[in-house]
Structures are given as C-alpha cells and as structure tokens.
Amino acid sequence: MLTAVMVVSLPALLLVAAVGAPRLLRHAAPALARAPRFATFALMSTALLWVAALVAIGPVIAWVSTGPAWLPEQAAAVCSRCLSAASPLGESAVTLAIPAVLPLALPLLGLAAVAAGLIREGLAVRRARASLATSLAAQAEPCRLLGTSVLLTSDEAPVAFSLPGRSGGIVISRATVQLLDGAELSAVLAHERAHLSQHHHRCLTVLRGVTHFFRSVPGIRAVRDAVPHYLEIAADQAAKAETGTTALAAALLKLGQPADLQPARATGQTTPHVVLHAAGSERIRHLTGQPLPPASRALAVAAGLYAVMLVATVSAVHLPYVLAVLTGC
C-alpha cells in the first residue's frame, strides 16, 4: 500500500506544483515583494527542488520494480546490493519490462541537464557581455558621477544599466544625466550599485542555467519570470535606504519602462539578460507604500508546506542512495 501511494503521489505532487505554481506566485506576489531577497532565494531553491524531486521518480520506480538484467552479472550484483541497501520498501513488488538500471539513470540525466544548462547559459552570457563591453569601450567615456565610477555614453535616449565584474560596471547615457536632477541621479546610481554588490547578475545566470531544459514547465517558467522583478525591487530597497523614496520614485517615473531603456540603443548590440537597469514605474507602489493587496496566510502556509514536502521527498529518495554508495552498499 505504501509503495503504491509513493509511486502515485510523487508524480501527482509535481504535476500539481507545475500547473498551480503560476497562480500561487501571482497571489503571493504582494507578500514576496515585501522581502524580495528572501523571495529570490526561496523561488530559486523551490525550482531546484522541483527538478530534484522530478528525477527522484526514477529511484522510486527502481525501489518497487524488477526487470530484465541488462548488466553483466557482477555489475548487476553490485547494482542490486546498492538498490537493496537504499530501499526502505523491502522487496520489489512490480515486474516491469525495463531493467532497474534505467530508472536509476534518471538522476544522472537530471544532473547532466542542469550542468549543461549552466554551461550553456554561462557561455552565452559571457559572449554577450564581452560583445557589449567591446562596444562600450569604443564609444563610452569613463568618468565619475556623484562619486561613482561610470561609463558615460553619448546616447540621446535615457539609458542606465549595470554590467558585473570587468564587463563595464555602471553605464549611463548623457540623456539620463540631463533628464534627472542630482538626487534622482544619485538614486539611480545607488540602484545600480545594489545590483552589483548583491550579485544579481549571478543569481539570474544560475537560475536560467539550472532551469534551462525545464523552462517549458509552467511553474519553472513563472519562477524565471518572477525573479528578475524581485531583484529590481531589492535594488530599489537598497537605493531607497540610501537616497530616500521621493528621489528614486521620481527617477523611475522619468526613466519609464524597462523596454525604453534597452542597452542596444546605446551600443547597437542585441543582448540577453546580461544587464540590470533602473526602470519600471510599476514598482512605484512598493516604493511609496501605497496599499498592497492583502497577503493570504492560507497561501503562505500552502507554499511553506509544499516546500517542506519537496525537501522531505528529495531527502527521502536521494539521501539513502548517497549513503548506500558512500558505505559501499
């Protein structure tokens, strides 16, 4: 009975989460926006746990089933000992047409997909940043604005964004400098400094890399869409603490929406998510403290229980296998 419940409940739990997560995130947005850095950590962790729980289906199937032996006798004996040492369910109860080694390979495939996604994303971001940095080096002028080192472009459109490390730092256009007063410009610079000091670019690269091959799953896609928003709010909070609400809110209103601030305008380059920038009047409500929709305690409890279930599932399935391997089966 326990075997049947475990085999059926894990895929069902993951399916419900994959389909229901977008709605849950929409309803939880007011509460998450109050703690954007925690929201970023929680959402990234949940996405990774979902992937780990997905590949745990394979080991669970291996626990409850037997199949034809495809491995050489000695290798099959070692595999069988490890399987028995890891299994909390006793003897296998179901006979399948596939060997047990195939379900056991699912975690390895998941790990390979995560690693491949990280490598792919890392290389893509590195190429895009190098291209953007080369373009900026040819047309931008290093200078200091209000005590902050920036690259100043001659673009006539308002542009303000940041590149991490040696890729460029904070980039700002002359149009932005002319558009904003001193306090507003200071707020924008503080916003960009927060992106750099809190390593937001790295967070995005890791998230998009880990979830690249799972991005068509609705729940994963919702997390990929939500995290950049919370990173902007986190930078807003840091800038607000440094320069005050009024200056930052006024600057965001003048700069407009993110689509108006594409760095391609300043560089002629097409870039993926390599930059983070100060813009977005939709965040004004968070800055000015206008009433937010009520956060649902029921949703918060449901989200917490879901996270606990994922942690318990991943631990219950993967940990016995790891211990069995470490102890020599």
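Predicted model: local features only at pLDDT ≥ 70, side-chain atom pairs only at ≥ 80, totals over all residues.
Helix α1 spans residues 2–34 and includes V16. The relative accessible area of V16 is 59%, and this residue is classed as exposed because the value lies over the 50% cut-off. V16 and G219 are 203 residues apart along the chain, yet their C-alpha atoms are separated by 9.4 Å.

The buried set consists of I57, G58, P59, V60, A62, W63 and V64.

An antiparallel arrangement is found for strands β3 (residues 141–145) and β4 (residues 148–153), which are joined by five bridges. Within this pairing, V150 of β4 stands opposite C143. The two strands form a hairpin in which two residues lie between β3 and β4. In the turn, L146 adopts a positive phi of about 50°.

A nonpolar patch on the surface is formed by L319, V322, L323 and L326. Together, these four residues present about 390 Å² of accessible area. L326 belongs to helix α14, which covers residues 297–326. With a relative accessible area of 68%, L326 is exposed, since this value is over 50%. In an α-helix there are 3.6 residues a turn, so residues three or four places apart point the same way.

Key:
Residues numbered from 1 in each chain as written. Heavy atoms only, no water. Buried < 20%, exposed > 50% of the residue type's maximum accessible area, 1.4 Å probe, protein only. Helix = DSSP H or I, 4+ residues; strand = E, 2+ residues; numbered from the N terminus. Patch = residues over 30% accessible without salt bridge, like charges linked within 9 Å, V, L, I, M, F, W, Y side chains within 5 Å. Areas by Shrake-Rupley, 256 points an atom, 1.4 Å probe, with all protein chains shown as cover. Salt bridge = Lys/Arg side-chain N within 4 Å of Asp/Glu carboxyl O. Pairing = 2+ DSSP bridges.
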